[in-house]
Amino acid sequence: EHGKTIVDLGGETGQTLNMKRADAIYHPAADPALLKTRIAERLMFKISHLNTTLQQVEKTTVSGLTVEKFTFTSEKSIIVPAYLMYSDNLGKKSPLFIYASDKGKPSVVDRSSLPFNLAYAGYPVFAIDVRGTGETGITPLPVLDKFAGFDLMQWENDQVYLQCSGFGKTLFGMRTQDMIASIDAITARDDMKNRKIVVIGDGSGGIWAMTAALYDPRVSGAV
């Protein structure tokens, strides 16, 4: 009647009520291994390692960088596009960076972006299009109003995401699998073996990168 939610809820707010509810139902496992197992179950995520190899598509030089374009198999029948870029001053022991973004791998040279900065600085960067991004996107990337925008293309994407659980997986888990499979593929190259591995996630890719670092002991760091 008075329109003041804070009084209607007896001095509580939606935020404080949600926090109390979370405290009542959330009981994380004390054992880190068990906690990881529970998280993986919630994400419908199970790591699979295939004997995957890189299939080279093209090799070229762009703006002082060598760019090798590849595909690799993440899971049965799942092909992931990627490229490896590096400069002439590539260090033999430089860490290897795995890069993924919700917008896909970079399509133009941008010296201000992190992957290109790293490549010019002498680090190898393996940029991938996890499923549903970049070359594997089912629709063009929509540009929406931040708050109220709607786009039919976006809805087409969202429908596919929602249907994933129907076959026992989540898009989150599958994209994390793609990041882990990319490590399998690129480290099969002699010149990329025995390097420290750092995963980089841009945008939503940050979540996939953190999860890959949590579940793959080969990863030394995440950005």
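**Rings and sheet**

Modeller: At 10% relative accessibility, Phe 97 counts as buried, where buried means under 20% relative accessible area, exposed over 50% and partly exposed in between, with a 1.4 Å probe and protein chains only. This is a predicted model, in which local features need pLDDT of at least 70, side-chain atom pairs count only at pLDDT 80 or more, and totals for chains, interfaces and linings use all residues. Residues are numbered from 1 along each chain as its sequence is written, and side-chain values use heavy atoms, with hydrogens and water left out.

Biologist: Is Tyr 123 buried, partly exposed or exposed?

Modeller: The relative accessibility of Tyr 123 is 28%. Tyr 123 therefore counts as partly exposed.

Biologist: What kind of pair do the rings of Phe 97 and Tyr 123 form?

Modeller: Rings of Phe, Tyr and Trp (its six-membered ring) pair if their centres lie within 6.5 Å; planes under 30 degrees apart count as stacked, over 60 as edge-to-face and the rest as tilted. Here the centres are 5.4 Å apart and the planes stand at 80 degrees, so the pair is edge-to-face.

Biologist: How many residues apart in sequence are the parts that Phe 97 and Tyr 123 tie together?

Modeller: Helices (H or I, at least four residues) and strands (E, at least two) are DSSP runs, numbered from the N terminus. Phe 97 lies in strand S4, and Tyr 123 is in the loop between helix H4 (114–120) and S5. The pair therefore ties together parts whose separation in sequence is 26 residues.

Biologist: How many aromatic pairs does the structure hold, and what is the angle between the planes of Phe 72 and Phe 126?

Modeller: The structure holds three aromatic pairs. Phe 72 and Phe 126 form a tilted one, 6.1 Å centre to centre, with the planes at 35 degrees.

Biologist: Where in the chain do Phe 72 and Phe 126 lie?

Modeller: Phe 72 is buried at 1% relative accessible area, and Phe 126 is buried at 0%. The two are 54 residues apart, with Phe 72 in strand S2 and Phe 126 in strand S5.

Biologist: Which strands stand at the edges of the sheet?

Modeller: Two strands pair if DSSP finds at least two bridges between them. The open sheet of seven strands has mixed pairing and the order S1-S2-S3-S5-S4-S6-S7. Each edge strand has a single partner strand, so one side of it is left without a neighbour in the sheet: these are S1 (55–62) and S7 (219–222).

Biologist: Which residue in S3 is the bridge partner of Glu 68?

Modeller: Strands S2 (residues 65–75) and S3 (residues 78–87) pair in the antiparallel sense over ten bridges. In S3, the partner of Glu 68 is Leu 84.
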